[in-house]
Amino acid sequence: MAYKIIASQCTQCGACEFECPSSAIEYKGEKYVIDPDKCTECKGAFELQQCASVCPVPKTCVPA
Ligand code: SF4
Ligand code: SF4
């Protein structure tokens with residue numbers, strides 16, 4: 001399982017990129033994307049998914 005970013009809601013603030021413990025978030029093709037092969041859903045690192053926690057837009061970082 002992995003999280004994904006709803007591109008149409010993302011303001012491209014960039015906050016999530018630096019909070020991800022798995023370096024799964026990248027700015028690619030003019031949008032922020034989560035690499036599903038790298039996303040661990042923060043398991044073992046954090047209680048809450050860090051991307052969803054820091055994202056200022058509700059329901060923009062969600063389970064894929
Ligand atoms: S859920 Fe965690 S590991 Fe996955 S992209 Fe978000 S911050 Fe990174
Ligand atoms: S924190 Fe949210 S709004 Fe900001 S770049 Fe990440 S997904 Fe987009």
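## Surroundings of D35

D35 touches A24 and E26, when residues up to four places away in sequence are not counted and contact is taken as C-beta atoms, placed from the backbone, lying within 7 Å. This is a predicted model, in which local features need pLDDT of at least 70, side-chain atom pairs count only at pLDDT 80 or more, and totals for chains, interfaces and linings use all residues. Residues are numbered from 1 along each chain as its sequence is written, while chains are lettered from A and ligands numbered from 1 in the order in which they are written.

D35 lies in the loop between β3 and α2 (50-54), where helices (H or I, at least four residues) and strands (E, at least two) are DSSP runs numbered from the N terminus. D35 counts as partly exposed because it has 14 C-beta neighbours inside 10 Å; on this scale 20 or more other C-beta atoms within 10 Å make a residue buried, 12 or fewer make it exposed, and partly exposed falls in between.

Strand β2 (residues 25-28) pairs with β3 in the antiparallel sense over four bridges, pairing being assigned if DSSP finds at least two bridges between two strands. E26 of this pairing stands opposite V33 in β3, and G29 takes a positive phi near 60° in the hairpin, which has two residues between the strands.

On β3, Y32 and I34 form the covered face, whereas K31 and V33 form the uncovered one. Beyond its neighbours within four places in sequence, Y32 is in contact with residues including I5, C16 and I25.

Conventions
Two residues are in contact if their C-beta atoms, placed from the backbone, lie within 7 Å.
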